[in-house]
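Trainee: I would like to learn how to read a protein model, one feature at a time. Could we work through one together?

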Amino acid sequence: MTAGNPFPPEVVAAVMRHMNTDHADDCRVICQGLGGQPAATAATMSGMDADAMEFLAIVDGAEVPVRVPFSAQIVERRQIRAEAARMYREACAALGRTPRPEAS
């Protein structure tokens, strides 16, 4: 844990592993719809703190850092899943797409 991050490195690593393995397309959609990178062709989660998730999006063949804030500061691990799902749903809405049913 660091001053601005209530989550120890092993928790951040586990969340990143899960997002990048099981939700790679969701990471791209989040960067496109909420991260200001509509041309992103891929994205991976690269970090997280109490205020936001961070990604590396691929835009025009280059890595672009993207920080997408949470709706409110989070301090408990159980809050992360709900925030990731919210981000995905809101990104889909911003892009005019229908989210997967299991993302609700």
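Mentor: Start with a loop. Asp60 is placed in the loop between S2 and S3. Keep in mind that this is a predicted model.

Trainee: Is Asp60 buried or exposed?

Mentor: Compare its relative accessibility with the cut-off: exposed means over 50%. Asp60 has 75% relative accessibility, so it counts as exposed.

Trainee: How should I read the strands on either side of that turn?

Mentor: Look at direction and at bridges. S2 and S3 pair in the antiparallel sense, over 8 bridges. As one example, Ala57 has Val64 in S3 as its bridge partner.

Trainee: How many bridges join S1 to S2?

Mentor: There are 6 bridges between S1 and S2, and these strands run antiparallel. Ala42 has its bridge partner, Ile58, in S2. A hairpin through 3 residues links S1 to S2.

Trainee: Now the helices. What is the general idea?

Mentor: An α-helix has 3.6 residues a turn, so residues three or four places apart point the same way. Then ask how much of the helix is covered. In H2, 7 of the 10 residues are buried, so this helix is largely enclosed by the rest of the structure.

Trainee: Which residues of H2 are buried?

Mentor: They are Asp26, Cys27, Arg28, Val29, Ile30, Cys31 and Gln32. The buried residues of H2 pack against H1, S1, S2, S3 and H3.

Trainee: Let us take one of them. Why does Gln32 count as buried?

Mentor: Buried means under 20% relative accessible area. Gln32 counts as buried because its relative accessibility is 9%. Gln32 touches Gln37, Pro38, Ala40, Leu95 and Arg97, leaving aside residues up to four places away in sequence.

Trainee: How far apart are Gln32 and Val66 in sequence and in space?

Mentor: In sequence, Gln32 and Val66 are 34 residues apart; in space, their C-alpha atoms are 9.8 Å apart.

Trainee: How do I read a nonpolar core?

Mentor: Ask how many residues it has and where they come from. The largest nonpolar core has 27 residues, and Val15, Met45, Met48, Met53 and Phe55 have the most contacts inside it. The elements giving it two or more residues are helix H1 (9-22), helix H2 (24-33), strand S1 (42-48), strand S2 (52-59), strand S3 (62-69) and helix H3 (78-95). H3 supplies the largest share of this core, 6 residues.

Trainee: What does Met53 touch?

Mentor: Leaving out residues up to four places away in sequence, the contacts of Met53 include Val15, Met45, Val66, Phe70, Ile80 and Met87.

Trainee: And how are pockets found?

Mentor: Rolling a probe the size of a water molecule over the atoms shows where empty space is left. Here the largest pocket has a volume of about 350 Å³. Its lining has 17 residues, and those nearest its centre are His18, Met19, His23, Arg81 and Ala84. H1, H2 and H3 are the elements that give two or more residues to this lining.

Trainee: Which element gives the largest share of the lining, and what classes of residue are in it?

Mentor: The largest share of the lining, 6 residues, comes from H3. By class, the lining of the largest pocket has 9 nonpolar, 2 polar and 6 charged residues.

Terms used: Residues are numbered from 1 along each chain as its sequence is written. This is a predicted model: local features need pLDDT of at least 70, side-chain atom pairs count only at pLDDT 80 or more; totals for chains, interfaces and linings use all residues. Side-chain values use heavy atoms; hydrogens and water are left out. A nonpolar core is a set of buried Ala, Val, Leu, Ile, Met, Phe, Trp, Tyr and Cys residues joined through side-chain atoms within 4.5 Å. Buried means under 20% relative accessible area, exposed over 50%, partly exposed in between (1.4 Å probe, protein chains only). Helices (H or I, at least four residues) and strands (E, at least two) are DSSP runs, numbered from the N terminus. Contact means heavy atoms within 4.5 Å. Two strands pair if DSSP finds at least two bridges between them. On a 1 Å grid over the protein atoms alone, a cavity is a set of points where a 1.4 Å probe fits but cannot get out, and a pocket is an open set with protein on both sides within 12 Å along at least five of seven lines; lining residues have an atom within 4 Å of a point. Grid points are joined across faces, edges and corners, and a volume is the space filled by probe spheres set on the points. Ala, Val, Leu, Ile, Met, Phe, Trp, Tyr, Cys and Pro count as nonpolar, Asp, Glu, Lys and Arg as charged, and the others, Gly among them, as polar.
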